[in-house]
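Please read this briefing beside the sequence and the structure.

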Amino acid sequence: MDWDALWLSMSLAVLTVLALLPIGIGLGRVLAYRSFRGKEIVEALVALPLVLPPTVLGYYLLVALGHASPVGQLWHAAFGSQLVFTFEGLLVASIIFNLPFAIQPIQRSFEAIPVEVRDAAACCGMSPWSALGRVELPLAWPGVLTALVLGFAHTLGEFGVVLMVGGSIPGETRTIAVSIYDRVQAFDDVAAARMSALLLAISLVTIAATFHFSRRVGRRLG
Amino acid sequence: MRGLSLELRQEAPIPLDIALTCAPGELLALVGPSGCGKSTILRSIAGLYRPRVAKVAVDDEIWTDTSAGIRVATWMRHVGMVFQSYGLFPHMSAIGNVEAALATPDPAERRRRAAALLDQVNLGGLEQRRPDQLSGGQQQRVAVARALAREPKVLLLDEPFSAVDKLTRGRLYEELAGMRRSLAMPILLVTHDLDEALMLADRLCLVQRGRILQQGRPLDVVNRPTTPEAARVVGHRNIFPARVAGHRLDPPATLLDWRGRRIEAALQPAWSVGAEVSWLIPPSKVVLHRRDRPSRGEAENPVAGTISSFVALGDTTISAIVLDGGEPRRLTLHVARHAAERNGLAAGVRISVSLLAEAIHVMPAQRPRYRRDEVPR
């Protein structure tokens, strides 16, 4: 069992989800409520990681974040290190490829709030922030929870993008999924099987827990 | 100025050309067919809709003035709004919904006031129920209590009675009428139900295609519409063209020439002789002559024709009559069912009726249905 890789994957998943929470709520809410020119393009860009092969996405991220890119150079100027093949670079990539998993459930759950309920919040004197906290999030939280769980599970399992952007540097970018691949390559079937089983269990438990909670909420708000 | 004053103008997407005022304590009903823009008027007052040109002022506060670039956010306007499907917060109890609109910082005081408001709308004892555990009428009462909790400077009611059954509606009318005495702010009620407006409103404003057709005391608007268009919106069917033939002072009457037939109307001397006009008569003021005792000409405004359609609706019957003398529009007549049966009314039967002169109301001639620049929808 590669505990370092498991710890790294867990850290990556938790940080990804924490970063995605405000992005998902902010962008999901805007996409749910506003109509603006180019909205379809934004929605398509957000959904793109769903259909793009991970290696293609990884390639473009590698190019976009590499030391020759503006982002890479900016990062280097600020922190004196490069972004690709580091944990930070992996985190940025992870946030990007998880965007659809975070934004779409949140967007749908904001869309499900009746306009009259939102209007009523404003007529009750709630500022937009207050309405978000007291009315919208309490109603949309099953979608937010789904987003978090999907983002978490998906980060644990992502392989192609991680390998392209991060490589397989132990303790820095070698996630559990990459580690499983390494073990299989090394004919260490026992370790691969253990880690796979663990990943399977974690994914199953988180997804089942989400279903359970969202159903309970569905009944409560029915 | 005290009360609400409002001006809204835009061409598209929803045409609006509205100017109205509502005094403190006054209940103004906005009545019109679905999609005529009446809900948009309320939403503009609340700041939930932004027309191209708008001016909304309540008491001394300007809430919207597009020409001065002023637009106070909805949540900063003291507006109480009851939505058509109430818009209650589904995750909060009844009292939680009311508390959500109270600005009182002290939680104990807030709870006390919310409970008092729920008592006022007869919901004492149901404070802890969530909206899905309340009936439609109870939900409406929570919505009213919540709107009042905001201490509104204007109260907006958007079809608040349309989602409840008839029995509950009657009780809610009574409750609103009772509560009104203690409400000192302008109240705007949007409804498509004319009877509802007649029961509750101090003033009625007919809206069609974003324009005000007529406003005034409810019974005046219904009985004396100023245009054929307004007459049609309030449900009049017997609208006919005529020319003013003269006025008579004793006994007082305005004489109309209706396709060569002379009829007498209530004296309306403002109309000049020779003017082309429209006139209307409510179906209940068309009186059936007994068929076993034909009129010998002494009856008031006698006309004859053949019943083209006959429908019984409960205790009353509605007949459409094709008149003798070439009037292409049919005359509608309401007769109590027993009288209709006694007189053998049915499609194809010839009858004669009197048009009661006192109920004949004269209006300007019918305009062409649509102006050339107006595309019918």
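The points below are grouped by topic.

This is a predicted model, in which local features need pLDDT of at least 70 and side-chain atom pairs count only at pLDDT 80 or more, while totals for chains, interfaces and linings use all residues. Residues are numbered from 1 along each chain as its sequence is written, and chains are lettered from A and ligands numbered from 1 in the order in which they are written.

**Chain A overall**

- The secondary structure of chain A amounts to eleven helices and zero strands, where helices (H or I, at least four residues) and strands (E, at least two) are DSSP runs numbered from the N terminus.
- The C-alpha atoms of chain A occupy a box of roughly 65 × 40 × 30 Å along the principal axes.
- Of the 222 residues of chain A, 38% are buried; a residue is buried if 20 or more other C-beta atoms lie within 10 Å of its own, exposed if 12 or fewer, and partly exposed in between, with C-beta atoms placed from the backbone.
- Among the contacts in chain A with a separation of 6 or more, 74% join residues 24 or more positions apart, a contact being two residues whose C-beta atoms, placed from the backbone, lie within 7 Å.

**Helix 3 of chain A**

- Helix 3 of chain A (residues 54-65) has twelve residues and reaches 16 Å from its first C-alpha to its last, close to the 16 Å expected at 1.5 Å a residue, the expected span being 1.5 Å times one less than the number of residues.
- The buried residues of helix 3 of chain A are A:L57, A:G58, A:L61, A:L62 and A:L65.
- Seen down the axis of helix 3 of chain A, these buried residues fall within an arc of 140°, so they line one face of the helix; the arc is that of the directions from the helix axis to the C-beta atoms.
- The buried residues of helix 3 pack against helix 2 (39-51), helix 4 (70-79), helix 5 (87-97) and helix 9 (160-166) of chain A.

**Contact between the chains**

- The contact takes 17 residues from chain A and 18 residues from chain B.
- On the side of chain B that touches chain A, eleven residues are nonpolar, four polar and three charged; Ala, Val, Leu, Ile, Met, Phe, Trp, Tyr, Cys and Pro count as nonpolar, Asp, Glu, Lys and Arg as charged, and the others, Gly among them, as polar.

**Hairpin and backbone features**

- Strand 13 (residues 252-258) and strand 14 (residues 261-265) of chain B pair in the antiparallel sense over five bridges, pairing being assigned if DSSP finds at least two bridges between two strands.
- The bridge partner of B:W258 in strand 14 of chain B is B:R261.
- Two residues lie between the strands of this hairpin, where B:R259 takes a positive phi near 50°, and B:R259 is partly exposed, with 13 other C-beta atoms within 10 Å.
- A:F85, in the loop between helix 4 and helix 5 of chain A, has a positive phi near 60° although it is a residue other than glycine, and A:F85 counts as partly exposed because it has 17 C-beta neighbours inside 10 Å.
- A cis peptide bond with omega about 0° joins B:A12 and B:P13, and B:P13 lies in the loop between strand 1 (4-10) and strand 2 (16-22) of chain B.
- Another cis peptide bond, with omega about -10°, joins B:D250 and B:P251, and B:P251 is placed in the loop between strand 12 (239-249) and strand 13 of chain B.
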